[in-house]
Each structure stands twice: as structure tokens, then as C-alpha cells.
Amino acid sequence: MQKTFPRGGNKRLPDHKEATAGKPILTLPAPPIAVIPMGQHIGAPCEPLVNVGDKVKVGQPLGRTGAFVCSPVHSSVSGEVIAVEERPLATGRRVLSVVIRNDGKDDTVPFEAGDLKKMSPDTIRQRVKDAGIVGMGGAGFPTHIKLNPPKPVHTIIINGAECEPYLTCDHRLMVERTAELVEGLQVMMKSNGATRGIIAIEANKPDAAAQVQEAVKGRDGLSVEVLKVKYPQGAEKQLIKAILDVEVPSGGLPCDVGCVVSNVHTAVSVYEAVILGKPCYERVVTVSGGSVVDPRNLLVRIGTPVQTVLDFCGGLLAEPAALISGGPMTGPPLVDLFGPVVKTSSGIIALTREEAGFDQNRPCISCARCVKACPMGLTPNLLGEYSHNELHDKIRKLRVQDCIECGLCSYVCPSKRALVTWIKKGKADLAALRAKERVS
Ligand code: SF4
Ligand code: SF4
């Protein structure tokens with residue numbers, strides 16, 4: 001029987017994956033101008049290593065810092081640095097960036113290939129760190145830290161659930177780069193001593209499941225778990241519960257129950273970093289939604305403007321009602337189409353009015369659908385209301401910090417209340433208050 005997590009969730013969320021799931025990944029030409037932000041990850045932003053006028057090559061480090069939580073960034077083109085200045089991300093925030101005029105030569109730094117058999121766990125982590133690998137599902141947490149957890153780990157789960165509607169970049173990677181994915185998982189297992197590696201795939205990707213199952217045959221400790229389709233199965237806590245039937249404690253981490261969860265693209269990038277010596281300067285992006293002329297999965301150089309990616313897909317049919325970076329349930333709005341694709345840009349989704357619905361924020365009718373749907377057992381109706389009204393003590397008592405921001409409460413609400421938007425703000429307010437308390 002296919003497993004899933006027991007509490008809340010939604011089995012009938014339309015997945016809208018048909019537009020891109022069967023199309024092979026195409027490579028987008030490198031942009032004439034690449035904008036490489038110094039902060040594409042959780043943690044301290046990098047400090048630039050180059051100045052205006054410098055010549056750079058593909059794969060050359062452009063920024064790093066000595067901060068513990070940080071990840072270096074690399075050039076995605078060869079050419080000349082024409083600016084080091086603040087530029088807006090596609091999601092609006094301004095970040096110090098290195099701007100490079102592409103000379104079209106694709107001069108690349110030499111990649112130093114590695115032999116896994118001869119590598120220690122420390123060497124693996126150093127190579128992952130040097131290559132700038134971060135969680136590419138959207139979180140952006142530096143992977144070398146995840147591979148060195150504070151507690152012993154017995155299992156690594158590769159999250160191939162890709163439960164967000166529209167997104168299919170991980171699906172295509174599982175189909176087209178199966179061997180690299182499996183090897184990336186083995187690299188990760190060696191780095192943190194895990195003896196078990198599980199690739200979790202939802203049942204709506206039977207081609208990927210069959211191919212990965214074939215690839216892990218006869219490999220010690222590796223297996224595939226085909227899961228029932230249910231949103232938000234790709235969330236770490238839900239995935240661990242579904243597969244191992246254990247609960248990560250409130251406020252805890254997967255390593256508290258002996259696990260690390262990593263996404264498919266991240267595992268492929270770990271393979272590239274450790275075995276090929278290739279840094280992270282490109283990624284696969286799903287471009288989809290009813291407003292896109294020709295939806296696709298594209299291999300895109302980091303620093304390419306979102307508009308260029310959309311143009312390659314034939315542009316937009318009409319003014320979209322919503323433009324989103326990542327999946328529509330959890331992704332932030334795209335506000336600047338000249339902003340660059342970054343390491344965490346899993347999707348560029350342009351929705352029609354019909355697909356997006358619209359936020360009406362009508363009064364709550366106390367139907368409790370949001371409570372029933374919440375996979376974390378929370379009361380989103382109250383959390384939303386109290387967060388909106390800045391009642392911090394109340395949201396603390398109602399465990400607002402346990403919200404995984406899956407967006408399901410807003411999705412199921414018949415009054416179209418912006419519950420998850422308010423709750424995210426409530427969480428941010430509490431975090432700011434805690435930081436203030438620590439300082440005073
Ligand atoms: S966004 Fe938070 S409160 Fe809403 S359903 Fe998801 S976990 Fe529950
Ligand atoms: S789903 Fe919407 S209307 Fe129903 S209880 Fe929750 S907030 Fe209120």
C-alpha cells in the first residue's frame with residue numbers, strides 16, 4: 001500500500017503538471033548580461049571577490065565570506081565585470097550583485113574531478129561548500145551544513161514528491177539524470193554516515209519511479225518509496241512521517257529523528273560538485289501556468305533575467321493574474337521581471353485569472369475547513385486572525401512557529417482569506433521580537 005502522512009493535507013489539489021511533465025529539459029542560451037546576487041541562500045551574504053573591469057570565467061568564485069552559515073557564488077558566464085552594486089531580485093528585495101557582460105566565449109575554469117572512494121566525509125563537505133550548493137527546492141540552506149548535522153543520521157530521504165502544482169523540474173531530472181541523482185545520494189550518505197537512502201516519489205510520476213527503481217537495484221541501502229499523492233507531502237516533517245512513521249518534534253529538526261531530507265535537484269548538484277568538480281552556476285526551472293505560450297523546463301544560467309526565460313517560452317498570452325517564483329502554494333510573487341534567476345528559482349509560474357482565483361478576504365464563516373486541512377494540526381483561522389491583529393502572545397500559545405507555510409489553509413478557505421500571508425507575518429513578527437529580547 002502506498003504510504004502518506006496521516007493528518008490534514010489535500011489529496012485532490014489539481015497538479016497542473018501535464019503542460020511540462022513530458023517535455024525534455026531544453027538549455028537556454030547564456031544571457032548577454034548576467035546579474036549574480038551575493039545572497040542566494042539562507043545565511044550571511046557573500047562579499048564580492050571581484051571589481052569592475054575584472055575578467056571572469058564560467059565557474060569562477062565571485063563572492064564568499066567566512067560566516068558559518070553561508071555559501072559562495074560563482075560566475076555563470078565569461079566576460080567582464082561591469083558593475084558591483086545593489087540590484088533587485090525578481091522577488092523585489094535589493095541585494096548586492098556582480099553584473100557581468102558576457103563575452104560569448106564560455107571560457108570556463110577547469111573542473112577538478114574527484115574519486116568518491118578516496119574522499120573523506122570532510123573532503124566531500126568541503127567540495128560541496130566550495131561549489132556553492134544550497135537547497136534548490138526553494139529553501140536555499142547551505143548543503144554542506146546539512147551534511148554535517150549535530151546528531152547522528154541513519155537515513156537520507158531524497159524528496160522527489162514535488163507536490164507543488166505546476167512544478168516538474170525535479171520530475172524531469174529524475175527521468176533524465178537518474179544515475180547522477182542516485183550517485184549524489186550515495187555521496188551524501190558517505191558524507192554523514194547514513195546507511196539508508198530513500199528516494200521518495202509521488203505516484204503521479206510513474207515514469208520517474210520506474211526509472212529510479214531500476215537505477216537503485218542491487219545498490220546497498222538504497223530504495224524507492226512511491227507515495228500516495230497528497231499535498232504538502234514534500235514538506236520535511238510530512239515526508240518523514242509518511243515514510244518512517246516518526247514525528248519530528250515541535251521546533252525540532254529532521255536530525256532529531258536521525259534523518260536528513262534533501263531535494264532532487266540538490267542531490268544532482270552534489271554529484272556535479274563532488275564527482276565532476278562543477279560549481280553551481282545553472283539550474284533547471286519550470287516555466288508554466290495558463291498565461292505562458294509554450295510551457296517548458298529549461299536549464300538556465302544563474303543571473304539570467306526572468307523576462308528572458310519567459311521570452312524563450314514564447315512570452316505571455318495575456319497579462320497574468322499572478323506571477324510566482326517557485327510553486328503557487330508557497331512561492332513568493334515575482335515583482336521584477338528583470339530580476340535574475342537564482343539558485344532557488346525552481347519555477348516561474350504565470351497564472352490566468354481563472355487559475356489564480358482572487359483574494360477577497362470575506363468574513364470567516366467558521367466552517368473549519370482550514371483546521372481540517374492543516375497538516376500540522378494547527379488552527380489557521382485563529383492564527384490568521386490573531387497574526388493580522390498582532391496578538392503575539394496568542395499566536396505563540398497556538399504554536400505559530402510550527403506552521404510550515406504550505407498555504408493549504410488559504411487554498412481551502414471558501415472565504416478566500418489570506419490566512420498564510422497573515423501567519424507568515426505573525427511568524428516574522430515573533431522572530432523579530434525574540435531577536436530583540438536576546439539583544440536587550
Ligand atoms: S500554512 Fe500553516 S497554518 Fe496553513 S495549513 Fe499550512 S501549516 Fe497549517
Ligand atoms: S476555512 Fe476560512 S471560512 Fe472556514 S474557518 Fe477557516 S478561515 Fe474561516
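**The open sheets**

Analyst: This is a predicted model. Start with one pair of strands. Strand β13 (residues 282-288) lies parallel to strand β16 (residues 347-351), and 3 bridges pair them. Val 287 is bridged to Ile 348 of β16. Helix α3 (residues 169-176) packs on this sheet. Helix α3 touches β13 and β14 (296-301), and its direction makes about 125° with that of β13.

Now the whole sheet. It is open, has 5 strands and mixed pairing, and its order is β1-β14-β13-β16-β15. Strands β1 (26-27) and β15 (322-325) are at the edges. Each has a single partner strand, so one side of each is left without a neighbour in the sheet.

Next, another open sheet. It has 4 strands in the order β11-β10-β9-β12, with parallel pairing. Its edge strands, β11 (222-227) and β12 (259-263), each pair on one side only. On average, neighbouring strands here are turned by 25° against each other, direction ignored.

Look inside this sheet at β10 (residues 196-202). Strand β10 runs parallel to β11, and 6 bridges join them. Ile 201 has Val 226 in β11 as its bridge partner. Helix α7 (residues 264-276) packs on the sheet and touches β9 (155-160) and β12. The direction of α7 makes about 90° with that of β12.

How values were computed
Residues are numbered from 1 along each chain as its sequence is written. Chains are lettered from A and ligands numbered from 1 in the order in which they are written. This is a predicted model: local features need pLDDT of at least 70, side-chain atom pairs count only at pLDDT 80 or more; totals for chains, interfaces and linings use all residues. Two strands pair if DSSP finds at least two bridges between them. Helices (H or I, at least four residues) and strands (E, at least two) are DSSP runs, numbered from the N terminus. Two residues are in contact if their C-beta atoms, placed from the backbone, lie within 7 Å. Axes are lines fitted to C-alpha atoms, for helices over the stretch in contact, and angles run from 0 to 180 degrees between N-to-C directions.
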